[in-house]
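Hi there,

Here is the structure I promised to pass on to you. Have a look when you get a moment, and then read on for my notes.

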Amino acid sequence: MQWSSGNRDDIQDMRGRSGGFGVAHLGIGGFLLLLVLSWVSGTNLFSLLGTGTSAPSQTGGTTGQVASSPAEEKLVDMVGAVTKDAQDMWADILGSRYQRTKVTLFRDAIQSACGFAQSATGPFYCPEDGRVYLDLGFFDELSRKLGAPGDFAEAYVITHELGHHVQNLLGLNERASADRRTGATSASVALELQADCFAGVWGHAASQPGRAAAGKVELDPGDMEEALRAAAAIGDDRLQRMATGRVMPERFTHGSSAQRVEWFRRGMETGDPRSCGVGAATTR
Ligand SMILES: [Zn+2]
């Protein structure tokens with residue numbers, strides 16, 4: 001993937017502020033258990049517990065000193081470039097219905113409007129404040145533990161979360177929250193697959209030649225495979241098998257590997273959000 005560095009307008013950098021606060025009273029056993037369960041279920045169980053009430057609130061603004069490496073700064077530039085590029089695309093598609101957001105970078109833990117979150121929760125979107133939250137350490141997990149390296153795999157993760165922002169702006173998630181079903185057939189899994197498809201729609205846009213010369217993100221040959229590998233790597237069936245040795249479709253939160261691949265590919269091939277199952281809602 002090619003991108004130009006230096007544009008961080010769409011990033012809120014909280015790496016120098018966030019820290020492992022507010023969890024001591026949980027006890028280390030309960031803490032570890034919650035980490036594992038949050039990871040397997042895709043739900044931030046810390047926020048359900050309400051541990052956020054004891055964490056200091058963050059008031060925004062600029063951060064203090066950030067201890068970082070050149071490699072990490074390059075990652076920040078990539079996140080900035082991808083976020084800007086994808087948001088430019090959604091602004092083109094949705095016009096005035098699109099409101100730009102920011103990706104908040106944090107380390108270890110953060111207080112969002114959706115509660116206190118640990119890095120182990122993975123990247124997430126908070127509908128309450130309309131922001132994407134990302135600990136760059138997740139990309140290490142994706143690469144080493146889950147076997148899905150590469151910058152376009154990382155871009156897929158970012159644009160999936162931005163897909164939830166689009167759903168929020170269009171009210172698609174509200175419709176789904178009325179659905180009480182859980183597991184593989186639930187509306188929440190359908191929303192996740194739609195976010196995968198939206199990520200693919202951006203992948204389609206980024207695959208057009210000549211973009212790099214115009215300062216935009218442009219895919220390289222092989223990038224598509226990278227993202228498909230990532231989609232397969234974070235399917236519920238694979239994560240469950242890794243964690244427990246069993247597959248439990250009734251506990252699916254994001255869809256199976258095959259489904260995630262299918263929906264990402266659908267967006268990537270059509271480049272049209274209407275193919276992502278939302279009908280006229282995404283046309284101007
Ligand atoms: Zn999601």
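Predicted model: local features only at pLDDT ≥ 70, side-chain atom pairs only at ≥ 80, totals over all residues.

**Zinc site**
Three protein residues donate to the zinc ion: H160 and H164, each through NE2, and E192 through OE, at 1.9 to 2.1 Å from the metal. Along the sequence, these donors follow the spacing H-x3-H-x27-E. Both histidines sit in helix α5 (residues 151–170), and because they are four residues apart there, about one helical turn separates them. H160 is buried, with a relative accessible area of 4%, and H164 is buried too, at 11%.

**Aromatic pairs**
The count of aromatic pairs comes to five. One of them is W90 with F198, an edge-to-face pair with 5.1 Å centre to centre and 70° between the planes. That pair joins distant parts of the chain, since W90 belongs to helix α3 (residues 70–94) and F198 to helix α7 (residues 187–206), 108 residues apart. W90 is buried, with a relative accessible area of 1%, and F198 is buried at 0%.

F152 and F264 also pair: their ring centres are 6.3 Å apart and their planes lie at 65°, so this is edge-to-face. F152 and F264 are both buried. Ring pairs also connect F152, Y156, W202 and F264 into a cluster.

**A charge over a ring**
Finally, R266 lies over the face of W263, 4.1 Å from the ring centre.

Best wishes

Methods: Residues numbered from 1 in each chain as written. Heavy atoms only, no water. Donors = N, O, S within 2.8 Å, 3.2 Å for Na, K, Ca; no water. Helix = DSSP H or I, 4+ residues; strand = E, 2+ residues; numbered from the N terminus. Buried < 20%, exposed > 50% of the residue type's maximum accessible area, 1.4 Å probe, protein only. Phe/Tyr/Trp six-rings, centres within 6.5 Å; stacked < 30°, edge-to-face > 60°. Lys NZ or Arg CZ within 6 Å of the ring centre and 35° of its normal.
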